[in-house]
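We will go stop by stop, and each stop tells you what to pick.

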Amino acid sequence: MKSVQWHEGERRIREEILWLRKVIDTFMDKEKHAPSGCKHCYLRNIATLIVQGDVLATEIKKGTGLSSFWLPLSPVPGKRVHHGSDWHRETMERIEHHFTRQNYNAIREPVLQQGRADLGIHKSGELDLFIEVGTISLYKLMMNLMVMRHFIYLIVPSSDLLIEFRKT
């Protein structure tokens, strides 16, 4: 990372915190499964990783000509997701279908360094992709971004927006 003055680094961290607050839905102001800390502390740690260049964060908006990020869902008997709201379940099934149709291996609720993701997507020679649909735990996101390597963490907060965290 290029050296920056303290006040410039702090300005960039504040900008990332504001962006993260805007684009990511979290469970609550205080994380119930976190050992200690606060929402702002977790956001600041994530923002610092981004500003330092340890994590590349990208906001991906669905274009007006695109009806969905994912391929159309073909119902598969016995493959229903059994947790979350209707939107959460349908989105998980659609994402899983999207990747399996392209010969990726999809695993439901894979174990991460901290907690589980909704989906794990794997293909030989590519970065592992872990997907969270809807509301997330900032503590879990922060911990995984701090300790895991060589992966993509994709947050799907809505049908129109994706947030990608890439750690190489």
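Start with charged pairs: the count of salt bridges in this predicted model comes to nine.

**Stop 1: K140 and E132.** Select both residues. They form a salt bridge, and their closest N and O atoms are 2.9 Å apart. Are these two residues buried or exposed? Both K140 and E132 are buried.

**Stop 2: K61 and E59.** Select this pair next. K61 and E59 are joined by a salt bridge, with 3.6 Å between the closest N and O atoms. K61 counts as exposed because its relative accessibility is 62%, and the cut-off for exposed is over 50%. E59 is partly exposed, at 27% relative accessible area.

**Stop 3: E164 and R166.** Here the salt bridge has its closest N and O atoms 3.4 Å apart. E164 has 15% relative accessibility, so E164 counts as buried, which means under 20%. R166 is partly exposed, with a relative accessible area of 30%.

**Stop 4: K167.** Move to strand β6 and pick K167. What is the nearest side chain of opposite charge to K167, and how far away is it? It is D54, 6.5 Å away. K167 has no salt bridge, although K167 is buried. Show what surrounds K167. Setting aside neighbours within four places in sequence, its contacts include D54, V55, L145, R149, H150 and F151.

**Stop 5: the largest nonpolar core.** Select L20, I46, L141, L145 and F165. These residues have the most contacts inside the largest nonpolar core, which has 30 residues. Helices α1 (6-23), α2 (39-52) and α4 (138-147) each supply at least two of its residues, and so do strands β5 (151-158) and β6 (161-167). Which of them gives the most? It is α2, with seven residues.

Now zoom in on I46. Leaving out residues up to four places away in sequence, I46 touches L20, L138, L141, M142, L145 and F165.

**Stop 6: another core.** Select W70, Y104, V133 and V156. They are among the 15 residues of another core, which lies apart from the one at the previous stop.

**Stop 7: the disulfide.** Select C38 and C41. The structure holds one disulfide. C38 and C41 form it, and their sulfur atoms are 2.4 Å apart. Turn the view to look along the S-S bond. The angle about this bond is 75°, and the link is right-handed. How accessible are the two cysteines? C38 is partly exposed, at 30% relative accessibility. C41 is partly exposed too, at 36%.

**Stop 8: N105.** Finish in strand β2, which covers residues 105-108 and holds N105. N105 is exposed, with a relative accessible area of 52%. N105 and K123 are 18 residues apart in sequence, and their C-alpha atoms are 6.3 Å apart in space. Last, show the contacts of N105. Beyond neighbours within four places in sequence, N105 is in contact with G120, I121 and H122.

Methods. Residues numbered from 1 in each chain as written. Predicted model: local features only at pLDDT ≥ 70, side-chain atom pairs only at ≥ 80, totals over all residues. Heavy atoms only, no water. Core = buried A, V, L, I, M, F, W, Y, C linked by side-chain atoms within 4.5 Å. Buried < 20%, exposed > 50% of the residue type's maximum accessible area, 1.4 Å probe, protein only. Helix = DSSP H or I, 4+ residues; strand = E, 2+ residues; numbered from the N terminus. Contact = heavy atoms within 4.5 Å. Lys, Arg positive; Asp, Glu negative; His and termini not counted. Salt bridge = Lys/Arg side-chain N within 4 Å of Asp/Glu carboxyl O. Disulfide = S-S within 2.5 Å.
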